Every structure is written in C-alpha cells, then in structure tokens.
Protein chains: 4
Amino acid sequence: MSNQRPKPLSMSQLRETAKRCKNWGRWGPDDEAGTLNFISAEDVVAAARLIRRGRVFSLALNFDRNGPQRGLWGNRFNPIHTMLATGTDALSGSQDAGGLRYADDMVSLPLQCGTQWDALGHIFFDDQMWNGYSAALVDSNGARRNSIDRVKDRMVGRGVLLDVARVRGLQALEDGTAITVRDLEEAAKAHSVEIRRGDFVVIRTGQMERCIDAGEWGGYAGGDAPGLAFETCEWIHEAEIAAVCMDTWGCEIRPNETADASQPWHWVVIPMIGLSMGEIFYLKDLAADCAQDGCYEFFFCAPPLPITGAVGSPVNPIAVK
Amino acid sequence: MSNQRPKPLSMSQLRETAKRCKNWGRWGPDDEAGTLNFISAEDVVAAARLIRRGRVFSLALNFDRNGPQRGLWGNRFNPIHTMLATGTDALSGSQDAGGLRYADDMVSLPLQCGTQWDALGHIFFDDQMWNGYSAALVDSNGARRNSIDRVKDRMVGRGVLLDVARVRGLQALEDGTAITVRDLEEAAKAHSVEIRRGDFVVIRTGQMERCIDAGEWGGYAGGDAPGLAFETCEWIHEAEIAAVCMDTWGCEIRPNETADASQPWHWVVIPMIGLSMGEIFYLKDLAADCAQDGCYEFFFCAPPLPITGAVGSPVNPIAVK
Amino acid sequence: MSNQRPKPLSMSQLRETAKRCKNWGRWGPDDEAGTLNFISAEDVVAAARLIRRGRVFSLALNFDRNGPQRGLWGNRFNPIHTMLATGTDALSGSQDAGGLRYADDMVSLPLQCGTQWDALGHIFFDDQMWNGYSAALVDSNGARRNSIDRVKDRMVGRGVLLDVARVRGLQALEDGTAITVRDLEEAAKAHSVEIRRGDFVVIRTGQMERCIDAGEWGGYAGGDAPGLAFETCEWIHEAEIAAVCMDTWGCEIRPNETADASQPWHWVVIPMIGLSMGEIFYLKDLAADCAQDGCYEFFFCAPPLPITGAVGSPVNPIAVK
Amino acid sequence: MSNQRPKPLSMSQLRETAKRCKNWGRWGPDDEAGTLNFISAEDVVAAARLIRRGRVFSLALNFDRNGPQRGLWGNRFNPIHTMLATGTDALSGSQDAGGLRYADDMVSLPLQCGTQWDALGHIFFDDQMWNGYSAALVDSNGARRNSIDRVKDRMVGRGVLLDVARVRGLQALEDGTAITVRDLEEAAKAHSVEIRRGDFVVIRTGQMERCIDAGEWGGYAGGDAPGLAFETCEWIHEAEIAAVCMDTWGCEIRPNETADASQPWHWVVIPMIGLSMGEIFYLKDLAADCAQDGCYEFFFCAPPLPITGAVGSPVNPIAVK
C-alpha cells in the first residue's frame, strides 16, 4: 500500500508541519546541536554494551573520481585527489637531498559529494536556520552558527538499522517509492528492534547497491530516488531520535511530494526539528550482517571532520557489533 | 636524564634497526594493514568495556586557515574552505526559483595538514614501502598499495594515553626533548596502565597546547619539536602495538638524531614495522580528564576518510570513556 | 610636496566625487565594459604603429607559492600548482600501457592573487555595481553581470608608462606616498608623452621591485603602499582613459585617505567610472627599456582568461615596442 | 583523396621521423623555447603591420563547468570557479565593518582543460624531453626545464589561418579525417597566403563549432577527431613555423595512425621539433572574418600564464586584424 505515491503536499501543510515540529529554544537560545542533545551519557554507555563480537563496519563509500556526482545538482563534483610527492619521484632520486623518501597528497571535494553529514546550517526555512539564527550568518566566510565543527564530539551513540528493502523482500526499493511511518514501524517490528530517544536511525533502501551493481550512478545524486515520505517528519519529531542516516543522496522521496518546494522534508527536519542527517551511507555489509545474526542495533561512531564554519562534512561512519 | 640529547644515530644503526624490526610478510604477501592486524575482535569487545561514563572526546584540531602549516615542509598548506551556496544568497531570493534555501561548501586540503593518519604508503625505505611493495606503485594517480582506504574499518580499539609532559611535571616538553623507552615505561607506570598488543598508544608532549596558548604556531609544522627517540622503534616493535598517535607534527624528535636522514624513526616504523601513525592530535581535554579520574585507557575510534589511493587522511579521532 | 599625506577624505566628499564621475548609462543600459568603450578600432591600429623594434615585454609576475599573498586580506592565497602526471611517472614505466609519456598539471588560485585584472563586478557602491546593476547579481554562482569574460576581446590598445618613481629620482616610492594628479602630469611631461582617451595607463611606483630585491613581500598584499591619491578619480574620469595598471597590490594609497571607507578610490573608479584596473604588474624591464630609449608608449595586449562569471582574472600582460 | 585513412604508422617510422626532425641543440644546450626561436624582432614588427582595421578576436572558449572535459582522458576536469566574497554578502551588510563592499573569487583548473598551450615539458620521447633534458626534471614539484613560464614573452608574432574545413566546403571535418601536407598547402593556396618561418599557424577543422552547435561535447576531449596526419611532422620541421594552434583537443588525427603509440605526432613535434602547440582554440569568428575580407594573416598575441614549473597554460589568444 505504501508503494502508492503519497497525496500531493501543499505549502500550507508543509508550514503547519514545520510549526508543529519546531524545536527552537528547546535546548536554550545558543544551541547548535539540535536533536543530538537527545543522546545522554547513559545512552553512550548502553550503546557500548552492543559491542559483542568486535566486528567493525565502515559505512563510507570510497571518495574518488568515480563517486556519484554527475553534475545534476548544485555544482557538486567528485573528489579530486592529487599528489604532492610520489614514489616515482622518490625512485628518481630527487628527494634524497632532503633525506626522506615519501609520498604526500591533497584532496579537493564538496563536503557533501559522498558519504556525509549535513550540518544544521545546511538548510534554511525562509530567512532562518536551526534554532532561529539568521541565514545571513552563513556567508562566503562560512557559517558562524550551526556549522559542523560544533558537533565534533556528538556523533556517538546507539545505531539501529531499518532495512526497509529487505523487509519488503526487495533488493532495492524502486525510485519514487515512499517510505512511510508504517514502513518504518513494520521494519522495526520485523527486526525486533525498538527505536528509542537519541538513536541514530539508519535506513536502507538498497538504491546505492543497485547503482554499484549496475556500474552506473545515473541519477543517484539529485535524480529520482526512494525515500522518506513527508509524513515521517512528525514521527521523527515524536520519536526524539538523534539522526537519520540513509543509503541515498538525500533521504527523502524523489520526485518530491510537491512541485512547490524542493526537498520539503529537509525544510522541516533540519531547520525546524534540528535533526542531523547522514546521506550516501554504504550499508550493504552491515545489512547483510544484521540479516544474518538478527541483531539490528549496534554502537555507532561517525565523527565529522571539524572544518570550521562548514555546513557539511565527509565522514567514514563506523558501526560496531 | 632523558632530557639529554641522544647520541647521534648512524646510518648503519638505522639500517640495522630497520632490519631487526622488519615485519614484511608477517601477515602474508598481500597485507596492507601492518600492525593494525594486532587488534583482535576480542580486543574491540574489551575496549568497549572501557566506556563507563559515556564521555566523548574529539581529538581533532579544527580544520581551517588558522591551522599549523606555515610553509616549512613539503608544499603543505592550511585547509581552504569555500562556499558553493550561502545564506546570503538565500536571502537575496536567487535560490527561490529552485524551491530550496540552502548553503553548500567545499574544501581543499593536504591530507596531512592537520589532525591525520599517515597511511603505510606515506614513507619509503630505499625503493620499497610496507610489506615490500615497490615505491613505483605510488605515482600521480595515487597509491595502488598501502593507501589509507585499505584500513577504513581498522581504526577501532583500545586507546591508552601516556601523558609524558604531565608525568614530568611540565606544561609541555621543550622542543628537542627526546622521549625514550624509559619515559614511556615510567609514564605507563605513573598512570598505572599497561601497554598491550593491539593498543593505540596516544602520547602527549604538550607542544600543541603551548602553541595554542601562545597564539602562534611558529615551527610546529616541520620545525623543532619534542618527540620519540629513535630507540623507541624497537620498543614499538616488541610491544606489538597497533599505532602511535601524538600531539606533534611528526611524532619523532626534531632536530632528528642524525643529519644523514630526515625523520629516521619514520624510516623504520612505517615501511618496516608497518605502524599506523596519527599526528597533530589535540589531547588537552582528554589528558585533563585522565588526570582527574586516574584512568588512562579508553575506547578509541578514529576512522580515516577512505580517499582512494591516498597516503594519508584527515581524521576526527574519538576517545570514549 | 606631494609626499605630504593628502587631507583626510570625508564620506560626503567620496559620495560627491562618485556622483560627479558616474558614467552609468553612458554606453547604454546593457553595457558591461565601461571605459574600455573609449578604445576605438582606430586606436588599436594606431597602437600597432608603436611596434617599432619588435621587443616584447611580459608584465606578469610568475604565479607560484612564492607570490605576494601573506594572508593579510580577504582569504587570498598564493597559487597551488600540482601535477596530474609527471616525468618521474613516465620513467617508472607506468604510463607505457597508455602509449604516451607525458606530464600534466592543474592550478588552484584566487583570481586576484597575482598579476591581474579587476572585473567591473569586483567592487560595489552601496547596493550596486557598474552601470547600476544590483550587487545581488553576484552570488555564489558568480557574476551574472560585469564579469571578466565580457571583456575578453577588449584589452588591446595603446599603453603609456608613467614611471613616477624614476621621475622622482627614486628606486621606489615609500609606502604611504600619495601619487597626485600633478605627479601624473609631471611624469607625462618628463616622458614627453601625452595621455589620450582610450589609453592603458601603466604607473610605476617601484614598490614591487623593492620587495623582490629585499626577498620579502612583507605587507605588499594588503598592507601599506604608495598609490594614487583619491583626487585622481576626477582626472581619470576627465582623461577618459581605458584602464589604470600598476605595480602595487591595489593601485591606491595605503593607508587610505580615510578611516571611514576601505579603498575609497576603488569605490569610485570601478563601480562609478567603470574603469578596468590592473594590479601587481611587473614593470621593471619595461621601465628600464623606456628609460633607455625615451619612448614611453607601446602596444598593449593583456587578454584576461574568460572565466565565466568571474570578478577578476590572472593575466600575463604584454607590452610590445 | 585525403579523406582516406593514412596507412598505418609503424614504430620504426615514428622513430625515424623523430630522428630526422630532431632540433635538439639547434639553439644551444640551454634552450627551452624551441621553435619560438624562429620568431625574430623583425617578424614581430612586420606582424604589427597586419593590424589594419583594429578588429580584435578572442580565440578562447570560456572557462567554466560546461567545458569539454568529460572524464575521457588523464583526470582532467572542467574549471571549478568559486566565490570568496559575493554581492549577496555585501547586501547582507556583513562586509561593512571592513569598509568595502566587494566580490572575490578563485578557480581550480587543469592547465589543459580548455583553450591552452602545451609547454615543451608536456610530452616525453622515451626518457627525455625537448632539447634532451631528462624526464626526471618533471616531478611533483613541477618542471625544472621546459616549463611554460620560460616562454612568457615569446607568444607574439604573425598568425595565419588555414581554414581546412571551409576550403573543403564543409562546416566541419568528420572525426577521423586526416589533414595532410597537401591539405595544408591547398588551404594556403586557396587563401592566397604564404606560410613563413616563425608563423603561428592556426588550423580550423570546425569540430569545436559542430559540438557547440550540437550542445554536446561528446568525445571532443580525448575521443575521435579530425586532425593533422603524422606526415605533417616533416612539413612542420621544414617550414620552421613557431607553433601550430587548432580548434581540436589534440591537433592530431584520432583514432591515431597507429595502435602502438598514443598521439604519435605529439611524440615528434613537442619533444623533438620543440614546437609550441595551442589546442581547443575557438576559431569561428576569426574564420568568418577571414572568409569575408579574404585576408588570412593577422597579428597574434597569446601570452601564457607564467605558472612556475607548469607544463601547460590556459590562454586567451588574441588575433588582431
């Protein structure tokens, strides 16, 4: 039933939902961490107890020229990795005057070109961002508020995988498929896992794996995709989770549920709820392991690079079971 | 006594030590992880038990134009963070045709400009790198062997802090101070902590904090520094630790113990021992906490960005107690 | 006499001068070339007649890490040149499968880090830029009006050197020295050269050469400097010249003649007069030649790189005598 | 007849041609300018006499994200232009504390991504480059010999257009079409223009215009193309021209005339003859003007950016008639 397209979303619905979900001021007027505040020290201790087998999963796609960016959205490009010194230089002898044979390198990349966190300063609602700060605080010098460096020690806690594709018996959800609240609840039930306050909720659609298997990213970055229905905003708000992380470019369903706004779910969850969002997560190995051992919860540690004033960060998220 | 300069190191000593410490082939001919192989799944489970209070520490310096690079070494520069879209753009209305008000950004940075991991492909010994691979495998297209992406799920385990500065009763060791095996052992003893196989050994000199307090990096990146004496190579080899991480630019003592090689300790520990090395770690807060609660061991998770073919990676290392 | 500091400039004087010099609409409402319109085809033909000896001068500083940027102003940095393929790679044999041995490279640079043109979109007066276009037309996607690519075929004509330093008998004017209208007129007289409508007026202070001789850029980029007095705005307006090019970072005197505005001369000449401005020109060789043959006019060709939407461009300006 | 594919080229033919065309030492052991030495001061003076109407042509394609690079060859990408300050920032008031409202920007680009010069250090023949210098002199720090900055004041002289497409009555030559010596001679004859020693010979295939008209670069950068037959090496050598410039990605015919070498014509003309080569030139407007006035010679000024140690340079070549 949830394969049906949701009803078109109106701008007034969007604004009403935004109003209902608004957490501004909840953690004081100076807060820049949003729902990461839901994670308590006790939650971190409890999450550590989920490490039972010592199995470590990297949820990052490699960062390189073969990444998903195909020029569809926002001037983002794939990482450009270049060398400042090489082994071939070393072999030529030209480094020997310096007494050290070495290689060195650099990278240029959009912070959201691959596996990444959105910072709370990434999306605005009208003229404001999370907690009511003015959008004007994000100029060419970076974000003076809600930048990713403010949460550099906050991305640790309990992770829960909701493998929606697997629960539906699919390799991958088709593009344009809505993931509804009922889908999330059914997945949790199927996995015998409970979503709790302060969780990092990791949702698998299988879309990334479909692209990898096909050897072709196509519209992955900015085109059509399976994703969360707008209605999940309220569920997220009520569930008081810390973050949503997915294996798609933008978490929410595309085409979007309205033609009047782009990424309407983003309009609400980032600036209004204050939700941290992880995108382009590689979930294949973790999902396979969860399916095998039946355990869908794990210790989660996904530290962003604290780039001062940045509105996103590449990340290598780690799940440990 | 260890404040004395070590005796000058000869190239034959360097080569003999390299020979004695050589781990090539120890984990098979195809290994690219080196001493990270010492970490067992049981070690990870045991490390998780060190999470008792749920306190999370970021050991990263922020990445920005105020970083430590001052042009002293190897064409490294501080991170250049630029915006692809801004809140001021949003306020001008120019984004509204697209239906989303947002900010977006990119960064260009040398992979070893700030808090970072050296990959095993970073340093060569003569014509070879870790496990005997030819230096020619690192060319302008990156490293085909021993690149940082090969260990993207390996940087998790038990961390131990050896706060050498504090044990000596100093805010910071002076530049040029050698940290000897005895210093390491005394620090462990003073902290009542045991160094074990597979540990991430984090060593504090206080040098970074001295620079931060002075508001001036000076020669931090490539100039003189306190650091590990060459003799620690053998201790590292015997202790079978997974990694060394420090609050200095290059871990080892500078000026180096010989004028015939630059970074002689690097010559041995990276290509010969196969040791992962973390540099420019920010240790102030973790060290203060350890001094307070007397517990110098913790869960350590420092996932590198898996940049394909890279010989280093910026990182936000996380310690959890 | 002109060594004296000019009287402090008031904001009302600045605004009155701006009003008097305003050329908006002079070349129609769609113009994006400003004073470059003063150059006629006949002027180009006449300028070609100044090529008498076939001697070619490059007026560019090399672009590299040793450039003048020292972090004093606006996040500009020196060029970062990196290789995509090298001769050492070629010698290692790794390119041979591709059938070609080659080197290749890239550069990252602020467009105004070295010898450069300011585009007319570089400076705003209140909310507008040249010809009355809104400043909002320059957002993170670049300049939709007054970008440098609009004048890609306009930087050709008659060049005239006014060697103010030499006329005053100095190697270099001291920092903070004002160049007044009288200085310009005296220089022209001393050189027996007439400034004409449509000219590229190249002015030498000797500051760059002083820095090069000292082996130290110091405050060259953004610090104190000799430069044009604010009063020259009106002279420039009346003389109907095409452009001013100088051997300093910012053409005008620094410290500026007021504390109430930064670069007050820029406020007028770029957005109001519509003047193209060349900065960080290397003039030593040209000036020496002019002193020797007594001829201070030449053919001038300084094509900007037509980077779409850019507000400046690095350039290798050519003078031919 | 010249539409026929040339006979396959053997490696021994390639090597024999290279030997016959070798100019090493011709201008002394320290030369780094190659055939640009053919241009005399008198040639420059004579070229200036070709400026009769004062009409200026830019032969550059704009540099932006819509450039021809499609990832087919050598890790080259299209220019990435980003802003360091914007008009929208200015309007937000955030710049006013600094007293200046301005925009500023930077670019990252492969030096050969668009309209460009190949430096003599770009291509190697076996282990050497132009004038016999070792390929080892081009490492990750750039080219110590034959870099583009060495010829910063040499790209001025007489230009001649050979509009091969127009002479054949075509909008554009088909991909894979060989341009032979006979084609060049017939074009010169049809244009009533003589090729002379020291000329910049500009050859039009129409391929770029075909792509622009189609709104699709396709295989322009690194795919099939019309271009010079290998046999033209000897003609170039004998004609003693200064440079060849074309409206294609790589001047020579693709697919190449042999499967045993990539870009065999490059093997000879750059490292052996010492020829400067301009690629990706925009020739539509110049060609239309030449067709109209029947005059195929002009003053040519195409100053490279003197990026220290670079093996190529973006350029805005100027033709003046």
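In this predicted model, chain A and chain D bury an area of about 1,100 Å² between them, and carbon and sulfur atoms give 47% of that area. On the side of chain A, the residues losing the most area to chain D are A:Arg65, A:Ile80 and A:Ser140, which together make up 37% of what that side buries. The contact involves 14 residues of chain A and 14 residues of chain D.

The polar interactions across this interface are as follows. Between chain A and chain D there are 0 salt bridges, whereas 4 residue pairs are in polar contact, both residues being at pLDDT 80 or more. Two elements of chain A, β2 (80–85) and α3 (87–92), each give two or more residues to the side that touches chain D. The largest share, 3 residues, comes from β2(A).

The axes of helix α1 (residues 11–21) and helix α7 (residues 232–239) of chain D come within 10 Å and cross at roughly 5°. Because angles under 35 degrees count as roughly parallel, α1(D) and α7(D) are roughly parallel to each other. From α1(D), the residues D:Thr17, D:Arg20 and D:Cys21 take part in the contact, and they meet D:Cys233, D:Glu234 and D:His237 of α7(D).

Methods
Residues are numbered from 1 along each chain as its sequence is written. Chains are lettered from A and ligands numbered from 1 in the order in which they are written. This is a predicted model: local features need pLDDT of at least 70, side-chain atom pairs count only at pLDDT 80 or more; totals for chains, interfaces and linings use all residues. Side-chain values use heavy atoms; hydrogens and water are left out. Axes are lines fitted to C-alpha atoms, for helices over the stretch in contact, and angles run from 0 to 180 degrees between N-to-C directions. Helices (H or I, at least four residues) and strands (E, at least two) are DSSP runs, numbered from the N terminus. Angles under 35 degrees count as roughly parallel, over 145 as roughly antiparallel, 65 to 115 as roughly perpendicular and the rest as oblique. Contact means heavy atoms within 4.5 Å. Buried area is the accessible area (1.4 Å probe) that two parts lose on being put together, summed over both. A salt bridge is a side-chain nitrogen of Lys or Arg within 4 Å of a carboxyl oxygen of Asp or Glu. A polar contact is a pair of N or O atoms within 3.5 Å; within protein, one must be able to donate a hydrogen and the other to accept it, and residues adjacent in sequence count only if both atoms are side-chain atoms.
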